[in-house]
Amino acid sequence: MARRIMHIDLDAFFVSVEQALNPKLQGKPVVVGGRPDRRGVVAAASYEARAFGLHAGMPLATASRLCPQAIFIEGGFPKYREASQRFMAILAEFSPYLEPVSLDEAYLDATGFESIYGSTHQMAVNIKQRIRDELKLCASVGIASGKVVAKVASELSKPDGLLEVAAGDERSFLAPLPIAKLPGVGKKTERILNGLGVHTIGELSTTPLSTLKSHLGASGELLHRYANGIDDREVEPPSAAKSISRETTFGQDTRDRSQLEATLRYLGERVGSELRQRGRQAKCVTLKLRYADFTTLTRRHTLGQASDTDQIIFDTGLKLLKGALAQEKQPIRLIGIGVANFVEPGRQLALLDSSAQRVERLNRAIDRIRNKYGFTAIQTGRTMRLKDIFPTDKEGYTLHTPSLSR
Ligand code: TTP
Ligand code: MG
């Protein structure tokens, strides 16, 4: 199936957020970056301001000379961050294959989504509409068989654009454009290529590879591929964390076995619950201890078979703890447990023996109840001991480092 990759980029992002919040700014030349009497540069310019030649990176003083009637505002990052989060949340509803690139820009793999929306074009129309309705912002969308052509297309379509390059048309679409439009061609590369008599992407695409390699090194090869519309890079969702852990420092250093084990059990359950929520199983369990003299020990154990159950996580952590306590007699200041080496759960429940099945079901039942009524709605035997030590609320025990232990 031919890939359909979308590049979505918000128009005049910082300025558009300001205009959405303050309608008086709409339709006017507006600059975010600061007062024109200050040193500094334009961060974003409205399209009305761009008509006067203003652009990002231009000194504010120059901007105000070219367009004295422009409205200059300082701007505020939290507003842009919030708008960005809402923008990405909308995109995530359209496809799970989403790669945020910056605050206002993302790639989305829409391959195979035609059947849902009628066409990829219609899907893009729907995305633009949701962004307009919910955020009062305007997005430009490029659609192509790969990232590079999709990005060039969205850029070219701005503002309020939507441009789809049909499969097979990538080269001819790029050919007439100046090389500076090709992602990866910066000022320096542009100068070198111009020196070789190369001005358009089409000319770049027919320049011998050996010439490009000798003048640009490895990037010459990449640019040659891009210029020919070849780009197999996948849309990569942000890499999920590679481990999950919880730890806490005790109010007082301790050697109390039952307190150590109860805390380990509790932290292990928090780890297990997040692991199951992420739909992963882990092959490795780690224990972390910090002693009264601040020396820190970490021990790890690799499981014969990946697991996501509280019992296996705790039992493994407990074994590591017992081994450590046998070796070192100092009181303990901090305890932590974690899991790593994730795998997708591959095996069928039916293949497990019946006692393992019971454990899995039990874990899921506990998760359901805790999701509904809070973490302390169910207490397993060992963690009851913590009641005497730590205050509880619906969310769980309030340990000394809540952010790490929740
Ligand atoms: P861009 O998407 O590059 O620009 P834009 O959204 O303002 O305009 P366009 O319609 O061409 O996409 O950058 C997004 C935001 O990042 C921009 O609104 C402000 C910020 N930014 C800076 O702070 N400094 C800069 O030099 C650039 C280029 C952007
Ligand atoms: Mg933008």
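1. Helix α4 has 18 residues, which at 1.5 Å a residue should span 26 Å; its end C-alpha atoms are 26 Å apart, so expectation and model agree. The model discussed in this note is a predicted one.

2. The residues of α4 differ in their exposure. Tyr-80, Ala-83, Ser-84, Phe-87, Met-88, Ile-90, Leu-91 and Phe-94 are buried in this helix. Because they cover an arc of only 155 degrees around the axis, they are on the same side of α4. Pro-78, Gln-85 and Glu-93 are exposed, and they are found on the other side of α4.

3. Glu-93 also takes part in a salt bridge, its side chain meeting that of Arg-130 with an N to O distance of 3.1 Å. The two partners belong to distant parts of the chain: Glu-93 is in helix α4 (residues 77-94), Arg-130 is in helix α6 (residues 120-135), and 37 residues separate them.

4. Buried in α6 are Thr-120, Met-123, Ala-124, Ile-127, Lys-128, Ile-131 and Leu-135. Seen down the axis of α6, the buried residues fall within an arc of 135 degrees, and they therefore line one face of the helix. The residue that follows α6 is Lys-136, whose phi is positive, near 55 degrees.

5. How many salt bridges does a search of the whole structure find? The search finds 24. Besides the pair of Arg-130 and Glu-93, there is a salt bridge in which the side chains of Lys-151 and Glu-105 meet at 2.7 Å, N to O. Lys-151 lies in helix α7 (residues 147-157) and Glu-105 in strand β6 (residues 105-109), so this pair ties together parts that are 46 residues apart in sequence. Glu-105 has a relative accessible area of 9% and is therefore buried. Lys-151, with a relative accessible area of 22%, is partly exposed.

6. Asp-232 and Arg-225 form another salt bridge, in which the closest N and O atoms are 3.7 Å apart. With a relative accessible area of 56%, Asp-232 is exposed. Arg-225 has a relative accessibility of 34% and so counts as partly exposed. Elsewhere, a network of salt bridges links Asp-9, Asp-11 and Lys-158.

7. An oxygen atom of the ligand lies 2.9 Å from a backbone N or O atom of Phe-13. A nitrogen atom of the ligand is 3.5 Å from a polar backbone atom of Ala-43. At Asp-104, an N or O atom of the side chain is 2.9 Å from an oxygen atom of the ligand. On its own, ligand 1 has 550 Å² of accessible area, of which the protein covers 65%.

8. Asp-308 is a loop residue, placed between β11 (296-307) and α14 (310-327). Is this residue buried or exposed? Its relative accessibility is 3%, and a residue under 20% is buried, so Asp-308 counts as buried. The side chain of Asp-308 makes a polar contact with the side chain of Arg-364, at 3.3 Å.

9. Gln-327 belongs to helix α14. This residue has a relative accessible area of 60% and is therefore exposed, the cut-off being over 50%. Along the chain, Gln-327 and Leu-103 are 224 residues apart, and their C-alpha atoms are separated by 50 Å.

Methods
Residues numbered from 1 in each chain as written. Chains lettered and ligands numbered in written order. Predicted model: local features only at pLDDT ≥ 70, side-chain atom pairs only at ≥ 80, totals over all residues. Heavy atoms only, no water. Salt bridge = Lys/Arg side-chain N within 4 Å of Asp/Glu carboxyl O. Helix = DSSP H or I, 4+ residues; strand = E, 2+ residues; numbered from the N terminus. Buried < 20%, exposed > 50% of the residue type's maximum accessible area, 1.4 Å probe, protein only. Expected span 1.5 Å × (residues − 1). Arc of directions from axis to C-beta. Polar contact = N/O pair within 3.5 Å; in protein donor to acceptor, adjacent residues only side chain to side chain. Areas by Shrake-Rupley, 256 points an atom, 1.4 Å probe, with all protein chains shown as cover.
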